[in-house]
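Please load the model in your viewer and keep the selection panel at hand.

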Amino acid sequence: MHSGKTNFIGGKWVQAQDGQTFESLNPARTAEVIGRYARSWQADVEAAVTAAAAAYPAWRRIPAPVRGATLFRMGQLLEREKERLARQMVEEMGKVLVEARGDVQEAIDMAYYIAAFGRMPNGSVVPSERAEMFCSAQRMPVGVVGLITPWNFPIAIPSWKMFPALLAGNTVVLKPAEDTPGLAVSFVELLVEAGVPSGVVNLVTGFGAEAGAALVESAGVSTISFTGSTETGRLIAGRCGQLMKRVSCELGGKNAIVVMDDANIELAIKGALWSAFGTAGQRCTAASRLIVHRDVKRRFRDELVDRASALRMGAGIDPKAQIGPVINRKQLERIHRYVGIGVAEGAKTLTGGRVLDEGAFGDGCFYAPTVLDDMTLSMRVAQEEIFGPVTGIIEVGSLEEALAAANSTQYGLSLSLYTQNVTSAFRAIQELEAGIVYINLPTSGAEIQLPFGGVKNTGNGHREAGWMAMDYCTEWKSIYVNYAESEELVRAQIDTQVA
Ligand code: UN1
């Protein structure tokens with residue numbers, strides 16, 4: 001059990017400067033304290049930023065292939081420790097073991113993928129309008145990058161943000177969610193074992209309003225990457241705008257699966273169950289709306305409800321459990337409040353709609369998988385992100401109506417359409433307002449070699465992962481070299497008007 005010495009600053013594990021700590025609990029048994037972690041404030045964050053700034057000049061001068069090799073070793077260590085990390089994740093975050101293994105696997109994939117960028121082109125050579133002039137543009141690191149990460153993918157998301165930043169030559173300060181500090185400690189321990197030099201990766205555990213805000217405010221931090229709610233993202237992006245910092249935000253979602261009358265219904269039901277209730281609905285990609293053509297609605301709904309009510313709930317470590325607890329009691333109550341709002345607005349609860357409190361369930365944060373019927377677009381439950389195992393059915397009569405319904409929220413992360421009609425599929429690909437579109441697939445299941453992120457209020461125009469993973473944490477430098485022997489000044493546009 002960790003006992004408070006959990007900040008990692010300049011290569012040393014230290015307590016918070018004023019010695020304060022907070023507890024991390026097991027969401028399946030909230031009486032079980034997993035560990036005590038440093039409760040960091042501005043002084044701790046400033047120490048971490050100072051260490052990161054001191055390590056930056058040397059790290060950015062290390063050849064990129066060598067930085068890549070460090071990340072490759074990190075991939076190997078994550079593979080070696082996959083099972084241990086997955087079990088720790090089940091205990092600290094609650095997701096079921098197979099999903100926890102998937103979370104670690106995303107980090108492994110990302111480590112190997114980004115490691116290879118160390119030997120990939122890092123810019124372009126561009127023709128000049130002047131003779132004997134070499135022109136190129138090259139990616140440069142930005143300095144100290146602050147990472148504020150959520151609890152729902154406690155290993156994968158830090159890896160998406162951190163590996164590209166490190167490969168590019170930046171140094172980082174990680175502030176993980178207060179619900180999953182132990183996993184961040186394990187992640188950083190592995191980075192140390194992989195050979196990341198002192199000060200290149202720093203960790204401050206604690207709360208958003210305390211440590212997170214201090215990281216955003218710190219003058220030594222040039223770039224912030226944040227994943228979390230749109231509400232918090234708005235505050236962070238606003239401050240970063242004033243402070244002229246780069247900021248990349250991955251925010252809320254209200255993702256939908258559209259099921260057309262010509263869909264393979266069995267496939268659509270399986271996809272809906274996975275997207276709505278996998279990770280107890282706590283994914284930014286979770287499908288909290290099911291937009292179903294009226295001709296297939298009854299069959300889809302009845303089958304979905306039968307299977308949703310048969311899902312086995314339990315602590316994630318139980319191999320028979322399909323759905324684990326939600327992250328904490330506050331979230332449990334919030335989810336239940338939302339279902340109440342939906343019912344008051346006229347939605348019908350077909351299954352679920354309750355906190356599980358019988359027997360051992362009462363010791364944890366378990367919410368029954370919930371399907372609401374008669375959801376309409378104007379309801380709050382059709383518009384606001386609930387982040388729990390709650391989904392609702394919206395009935396439509398045509399593809400046009402379905403696409404308009406899918407696009408009818410402030411969010412735009414992941415939208416999916418089930419159809420066997422190629423015209424409908426390609427129309428949806430063109431019309432759906434989302435960063436990720438799936439055809440005949442659930443809304444969850446992004447692979448790391450494609451860009452990840454959303455449009456509208458889901459983000460601020462950045463993407464994680466994919467071949468643009470380094471965009472958020474690099475600046476372009478344009479380089480002009482005159483290699484002419486002539487003593488003549490040749491002015492662009494003036495002496496060289498070519499068109
Ligand atoms: C998230 O919920 O923040 O596509 C990330 C998926 C996962 C990533 C989810 N690969 O659901």
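A cavity, as the word is used here, is a set of points on a 1 Å grid over the protein atoms alone where a 1.4 Å probe fits but cannot get out. The model is predicted, and a search of the whole structure finds 4 cavities of 30 Å³ or more.

**Stop one: the largest cavity.** Select Gly253, Lys254, Asn255, Gly281, Arg283, Ala286, Ser288, Glu385, Ile386, Phe387 and Gly388, which together line the largest cavity. The space inside the largest cavity comes to about 70 Å³, and its lining divides by class into 3 nonpolar, 5 polar and 3 charged residues.

**Stop two: the second largest cavity.** Move on to Lys95, Val96, Thr279, Ala280 and Gly324, which lie nearest the centre of the second largest cavity and belong to a lining of 13 residues. The volume of the second largest cavity is about 40 Å³, and its lining consists of 6 nonpolar, 5 polar and 2 charged residues.

**Stop three: the ligand.** Which residues surround the ligand? Select Glu106, Asn152, Phe153, Ile157, Trp160, Arg283, Cys284, Thr285, Ser444, Gly445, Ala446 and Phe452, and the shell around the ligand is displayed. By class, this shell has 6 nonpolar, 4 polar and 2 charged residues. Because domain 1 (7–251 + 459–478) and domain 2 (255–439) both give residues to the shell, the ligand lies between them. Arg283 can be kept selected from the first stop, as Arg283 is listed both in the lining of the largest cavity and in the shell around the ligand.

Now show distances from the oxygen atoms of the ligand. A polar side-chain atom of Thr285 is 2.7 Å from a ligand oxygen atom, while a polar backbone atom of Gly445 lies 2.8 Å from an oxygen atom of the ligand. At Ala446, a backbone N or O atom is found 2.7 Å from a ligand oxygen atom. Of the 320 Å² of accessible area that the ligand has on its own, the protein covers 99%.

**Stop four: the largest pocket.** Finally, select Trp151, Phe226, Gly228, Ser229 and Thr232, which lie nearest the centre of the largest pocket, among the 42 residues that line it. The elements that give two or more residues to this lining are β7 (144–149), α7 (208–217), β10 (223–227), α8 (230–243) and α11 (329–344), and the largest share, 7 residues, comes from α8. The largest pocket holds about 1,300 Å³ of space, and its lining is made up of 16 nonpolar, 13 polar and 13 charged residues. Since domain 1 (7–251 + 459–478) and domain 2 (255–439) both contribute residues to the lining, the largest pocket lies between them.

Conventions: Residues numbered from 1 in each chain as written. Predicted model: local features only at pLDDT ≥ 70, side-chain atom pairs only at ≥ 80, totals over all residues. Heavy atoms only, no water. Near = heavy atom within 4 Å. Polar contact = N/O pair within 3.5 Å; in protein donor to acceptor, adjacent residues only side chain to side chain. Areas by Shrake-Rupley, 256 points an atom, 1.4 Å probe, with all protein chains shown as cover. Nonpolar A, V, L, I, M, F, W, Y, C, P; charged D, E, K, R; others polar. Domains from an automatic or database assignment. 1 Å grid on protein atoms, 1.4 Å probe; cavity = no way out; pocket = protein on both sides within 12 Å on 5 of 7 lines; lining within 4 Å. Points joined across faces, edges and corners; volume = space filled by probe spheres on them. Helix = DSSP H or I, 4+ residues; strand = E, 2+ residues; numbered from the N terminus.
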